[in-house]
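Work through the exercises below with the sequence and the model side by side. Try each task before reading its solution.

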Amino acid sequence: MKKIAAFAGSTSTTSINKQLAGYAATQLKDTSFDVLDLNDYSAPVFSEDIEKSEEYPQGAAKFNETLDQYDGFIVSLAEHNGSYSAAFKNIFDWASRKNREVFRKKPVLVMAASPGGRGGAGVLASALGTFPHMGANVVSNFSFPVFYDNFKDGSVVNEELNEKLKEAVATFENSL
């Protein structure tokens with residue numbers, strides 16, 4: 001059986017993107033999954049000076065080793081000022097120093113959720129532009145707007161959004 005990792009590009013304990021990534025993973029039909037937490041992979045702020053003078057951070061090494069274990073990824077990105085969160089950008093900067101193809105050329109469903117009406121459009125556009133250069137085979141994407149109105153008690157309550165999400169997940173799963 002194929003196995004994927006689902007995670008949010010956030011370290012918030014109340015991350016709406018972690019909720020969305022986890023929910024999306026539950027929509028998989030014939031694929032097992034783990035929900036990862038970026039808090040388990042801490043690393044100092046990326047710096048070439050640190051890279052030259054210190055050992056490779058254990059959190060980044062652990063993240064790289066973890067990514068090797070999966071057949072694909074569901075990633076839901078938090079949008080901070082129109083781009084990636086600092087935590088997400090940092091772990092990916094570190095990870096890419098050991099393996100430029102962070103996503104290992106495996107299938108990726110990239111998503112973004114936000115409390116506002118744009119659904120993380122800025123960070124989603126950034127990911128769609130940069131993830132392929134990081135070894136992602138982006139096979140599907142999904143934007144989730146107005147999170148707190150459309151997601152209640154652990155599931156999507158807006159049927160139209162739920163159907164679109166299920167389509168994105170099915171496209172992703174069929175690519176594994």
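**Exercise 1.** Find the polar contact between the side chains of N150 and N158, then describe the surroundings of N150.

Solution. Step 1: the side chains of N150 and N158 are joined by a polar contact of 3.3 Å. A polar contact is a pair of N or O atoms within 3.5 Å; within protein, one must be able to donate a hydrogen and the other to accept it, and residues adjacent in sequence count only if both atoms are side-chain atoms. The model is a predicted one, where local features need pLDDT of at least 70 and side-chain atom pairs count only at pLDDT 80 or more, while totals for chains, interfaces and linings use all residues. Residues are numbered from 1 along each chain as its sequence is written, and side-chain values use heavy atoms, with hydrogens and water left out.

Step 2: N150 belongs to helix α6 (residues 147-150). Helices (H or I, at least four residues) and strands (E, at least two) are DSSP runs, numbered from the N terminus.

Step 3: leaving aside residues up to four places away in sequence, N150 touches F144, P145, S155, V156, V157, N158 and L161; contact means heavy atoms within 4.5 Å.

**Exercise 2.** Is N150 buried or exposed, and is N174 buried or exposed?

Solution. Step 1: recall the cut-offs: buried is under 20% relative accessible area, exposed over 50%, and partly exposed in between (1.4 Å probe, protein chains only). Step 2: N150 has a relative accessible area of 11%, so N150 is buried. Step 3: N174, in helix α7 (residues 159-175), has 67% relative accessibility and therefore counts as exposed.

**Exercise 3.** In which sense do strands β4 and β5 pair?

Solution. Step 1: strands pair if DSSP finds at least two bridges between them. Step 2: β4 (residues 106-113) and β5 (residues 136-144) have eight bridges, in the parallel sense. Step 3: M111 stands opposite F142 in β5.

**Exercise 4.** Which kind of aromatic pair do F7 and F63 form?

Solution. Step 1: rings of Phe, Tyr and Trp (its six-membered ring) pair if their centres lie within 6.5 Å; planes under 30 degrees apart are stacked, over 60 edge-to-face and the rest tilted. By this rule there are 19 aromatic pairs. Step 2: the rings of F7 and F63 are 5.9 Å apart, centre to centre, with 85° between the planes, which is edge-to-face. Step 3: F7 lies in strand β1 (residues 3-8) and F63 in helix α3 (residues 58-67), so the pair ties together parts 56 residues apart in sequence. Step 4: F7 and F63 are both buried.
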